[in-house]
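Let's take a friendly tour of the aromatic rings in this protein. Have a look at the sequence and the model first, and then we can go through the ring contacts together.

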Amino acid sequence: MEIGFINGEFIDINKAVLPIDERGHQFGDGVYEVVKVYDSSPFLLDEHLLRLEKSASEIRINLPYTLHEVKKIIMDGLSLSQLQEAEIYFQVTRGIATRNHLFPKVPASFTMTIRPARIVLKQYYNDGISATLSNDERWTNCHIKSLNLLPNVIAKQKAFDSGYFEAILVTKDAYITEGTSSNIFVVKNNKLYTTPLTCNILPGITRAAVLAIAKEKQIIFKEESFSTTFLMDADEVFMTSTSVEILPICSVDHNLISNGKPGPITKSLYEAYSQLYSLKGVK
Ligand code: PDD
């Protein structure tokens, strides 16, 4: 069963609850997280909660609950939903107050949905997906997981309309930042590269897990900026996110990456990542 939660109450997910003057939908004034649940366990939940706390603090929102309380709400919602495989979305906004750019003195709002996890086709993992390059038109604080996703949404839709799965965002000087809802990795001469953590990208939880796996497997990795040319000449390219995990990108703007098939390092990282969530959940 799908579950909704708003400010202290579990509700029917389709129930209309938000007052017009809620700052999330008027200003995009809030932050969010997406957590995947495997076999009833929210994967890497503590990491997601810490990132939520950081994002909220960066935009000066006080969380209405402690992280411990948020965890309890999540676990209660999950058992209510009876879903074993799920996707949990939760957001915190600056609250409900008459529209005014200045911060209101009201408590922050916390809302959550729990739904069956989105299905990513097996074929995408076996054959890889295609991506397109797109100008990164976002603001300068992309390390905050803010509700303001307009440039991401537009780039993703444009990519989809042209038959691509993801848009890879590119700076004015032709460096890769990340995907519209993913981090980007490339493999060249058995070394793994990914964009360094600056305010230009989201510090992906899956990204961090992949780097930890690489370290364990003694795959040399570099958190280094790389250009579109470097990406096009790569041996392997893949994207990471909570929802898609690790997905091979086998062509970019109709140019094949290497032989156009998922590469061995991508496959071994994916295998190790799957083992990680099969073995552990809530800590
Ligand atoms: N998106 N970069 C951006 C811009 C993202 O929106 C996301 C995640 C990621 C990957 O982060 P993580 O590995 O922590 O999921 C990178 C989520 C899934 C979303 O908006 O649905």
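## A cluster of rings

Which residues do ring pairs link into a cluster? The members are Phe5, Phe10, Tyr65, Phe90 and Phe110. Keep in mind that this is a predicted model.

A pair of aromatic rings is described by two quantities, the distance of the centres and the angle of the planes. By the pairing rule, the count comes to 16 aromatic pairs. One of them joins Phe5 and Phe10 edge-to-face, with 4.9 Å centre to centre and 65° between the planes. Phe5 is buried, because its relative accessible area is 4% and buried means under 20%. Phe10, in contrast, counts as partly exposed, at 29% relative accessibility.

## A strand meets a helix

Tyr193 and Phe230 also form an edge-to-face pair, with 4.9 Å between the centres and 75° between the planes. Tyr193 belongs to strand β11 (residues 191-194) and Phe230 to helix α7 (residues 228-232), so this pair ties together parts that are 37 residues apart in sequence.

How accessible are these two partners? Tyr193 is buried, with a relative accessible area of 12%, while Phe230 is partly exposed at 25%.

## Charges over rings

Two further contacts bring a charged side chain to a ring. The charged end of Arg94 sits over the ring of Phe103, 3.6 Å from the ring centre. Lys156 lies over the face of Phe165, and here the distance to the ring centre is 5.3 Å.

Note on methods: Residues are numbered from 1 along each chain as its sequence is written. This is a predicted model: local features need pLDDT of at least 70, side-chain atom pairs count only at pLDDT 80 or more; totals for chains, interfaces and linings use all residues. Side-chain values use heavy atoms; hydrogens and water are left out. Rings of Phe, Tyr and Trp (its six-membered ring) pair if their centres lie within 6.5 Å; planes under 30 degrees apart count as stacked, over 60 as edge-to-face and the rest as tilted. Buried means under 20% relative accessible area, exposed over 50%, partly exposed in between (1.4 Å probe, protein chains only). Helices (H or I, at least four residues) and strands (E, at least two) are DSSP runs, numbered from the N terminus. A charge sits over a ring if NZ of Lys or CZ of Arg is within 6 Å of the ring centre and within 35 degrees of the ring normal.
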